[in-house]
Amino acid sequence: MGAEGSDVDIDWHNPARRGILPLDTFRVPRRLRRAVRRGEFSATMNADFSAVIVNCSERTSTWINRSIITSYEQLHQAGLAHSVEVWASGQHVGGLYGVALNGAFFGESMYSRSPMASQVALIHLVDHLRRTGFRLLDIQFISSHLQRFGAQEISRHAFLNALQDALAANSLLTSQKFDGDSVSALQRISQIS
């Protein structure tokens, strides 16, 4: 993590407890379900990675500094960092980004310029991770916002075991075509949850 937005340093963290979002018990809050069913949102993957990370960094207080942006753009060019962009009425209104390694996806940050847009990005990410055989969605730190989706905090030991299992998988984000239809993504998630 960047020390702070204006700093060039990067701090390394290894917390005793780690936030994850279990893919098999992911929940979509009722209000978000209604918003998605209206059909106003669509999504893309890796259509504008740079815009997503820059938008994620544009906050009053942020850990995403220039060093982080440059590093993740290089990871994206290497095929490791990925973004989900959310669109409404042809406008880019939200998104998220993270790193994929085998069956593990490490969510880094998300942003929203429209109510619920980042949450729609999360629905698309979870749907795509499930369809491509991913086993772990690491969210690093738990928040009350993500707890509504079923986020959990686990011990470092449990996280390392889950990570080992996920890294043993031969999952690949590009093994399935990304489906940008938000209603379809919601329906698939609802059938499993």
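This is a predicted model: local features need pLDDT of at least 70, side-chain atom pairs count only at pLDDT 80 or more; totals for chains, interfaces and linings use all residues.

Residues are numbered from 1 along each chain as its sequence is written, and side-chain values use heavy atoms, with hydrogens and water left out.

**Whole chain**

Start in cartoon view. Trace them from the N terminus and the order is β-α-β-α-α-β-β-β-α-β-α-β-α-α. The radius of gyration is 16 Å, close to the 16 Å from the globule rule for 193 residues, so the chain is as compact as a globular protein of that length. (That radius is taken over C-alpha atoms, and the rule is 2.2 Å times the number of residues to the power 0.38.) Along its principal axes, the C-alpha trace spans about 45 × 35 × 30 Å. Of the 193 residues, 50% are buried, meaning under 20% relative accessible area with a 1.4 Å probe, protein chains only.

**First stop: Phe26 and Phe149**

Select these two and show their side chains. They form a stacked pair, 5.5 Å centre to centre with 20 degrees between the planes. Rings of Phe, Tyr and Trp (its six-membered ring) pair if their centres lie within 6.5 Å; planes under 30 degrees apart are stacked, over 60 edge-to-face, the rest tilted. Phe26 is in the loop between strand E1 (17-20) and helix H1 (30-37), and Phe149 in the loop between helix H5 (144-147) and strand E7 (152-155), so the pair ties together parts 123 residues apart in sequence. Is Phe26 buried or exposed? Buried, at 0% relative accessibility, and Phe149 is buried at 0% too.

**Next: Tyr72 and Tyr97**

Here the centres are 5.5 Å apart and the planes at 75 degrees, so this pair is edge-to-face. Tyr72 sits in helix H3 (residues 66-77) and Tyr97 in strand E4 (residues 91-101), 25 residues apart. Both are buried.

**Last stop: Arg18 and Phe159**

Show both side chains. The charged end of Arg18 sits over the ring of Phe159, 4.5 Å from its centre. To count, NZ of Lys or CZ of Arg must be within 6 Å of the ring centre and within 35 degrees of the ring normal.

Methods
Helices (H or I, at least four residues) and strands (E, at least two) are DSSP runs, numbered from the N terminus.
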